[in-house]
Amino acid sequence: STSVSTPPGGPIPSTANGGDHDWSMSDAEKQYYHSIFPQADQDQDNFVSGPEAQRFFRQSQLDSSTLRQIWILSDVDRDNRLNLAEFYIAMHLIVRVRAKQWTLPSTLPSVLNPKNLTPSTPAATTSAPMYSALI
């Protein structure tokens, strides 16, 4: 039966799952986001707090409601601060929305899950040593 087949012109984009965009992050993008993390983490505590994020992300010139939604999507553990992996997510969303004019997804695409952005060991054990190498 063809009643469940893909509609003509391809699948209907689903904003809930990131639409038809490829939200995956390249190694080069991760390296870039890693290199600018210290600029956002002004107090050097390995986290980007709300006020730090506001100052840093405002440079993107995205409107405050878009930046608020990016914060909500990025702060995966809901602790009101971004660790390194969550910072990658926020930066990646900002870059995609600003440079490519993509619409923000309503939920975080699975390819941007923090577990998928770090080496095979948990982010908590890898982010501090990786970051301390920059100091």
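The paragraphs below lead through the aromatic pairs and the salt bridges of this structure.

This is a predicted model, in which local features need pLDDT of at least 70 and side-chain atom pairs count only at pLDDT 80 or more, while totals for chains, interfaces and linings use all residues. Residues are numbered from 1 along each chain as its sequence is written, and side-chain values use heavy atoms, with hydrogens and water left out.

Rings of Phe, Tyr and Trp (its six-membered ring) pair if their centres lie within 6.5 Å, and planes under 30 degrees apart count as stacked, over 60 as edge-to-face and the rest as tilted. By this rule there are seven aromatic pairs, among them the edge-to-face pair of Phe 56 and Phe 57, with 5.8 Å from centre to centre and 70° between the planes. Phe 56 also forms a tilted pair with Phe 87, at 6.0 Å and 50°; because Phe 56 lies in helix 2 (residues 50–57) and Phe 87 in helix 4 (residues 84–100), this pair ties together parts that are 31 residues apart in sequence. Helices here are DSSP runs (H or I, at least four residues), numbered from the N terminus.

A salt bridge places a side-chain nitrogen of Lys or Arg within 4 Å of a carboxyl oxygen of Asp or Glu, and the structure holds three of them. One joins Glu 29 and Arg 96 at 2.9 Å, N to O, and links helix 1 with helix 4 across 67 residues. Arg 96 has a relative accessible area of 8% and is therefore buried, a word that means under 20%, with exposed over 50% and partly exposed in between (1.4 Å probe, protein chains only).

How values were computed:
Helices (H or I, at least four residues) and strands (E, at least two) are DSSP runs, numbered from the N terminus.
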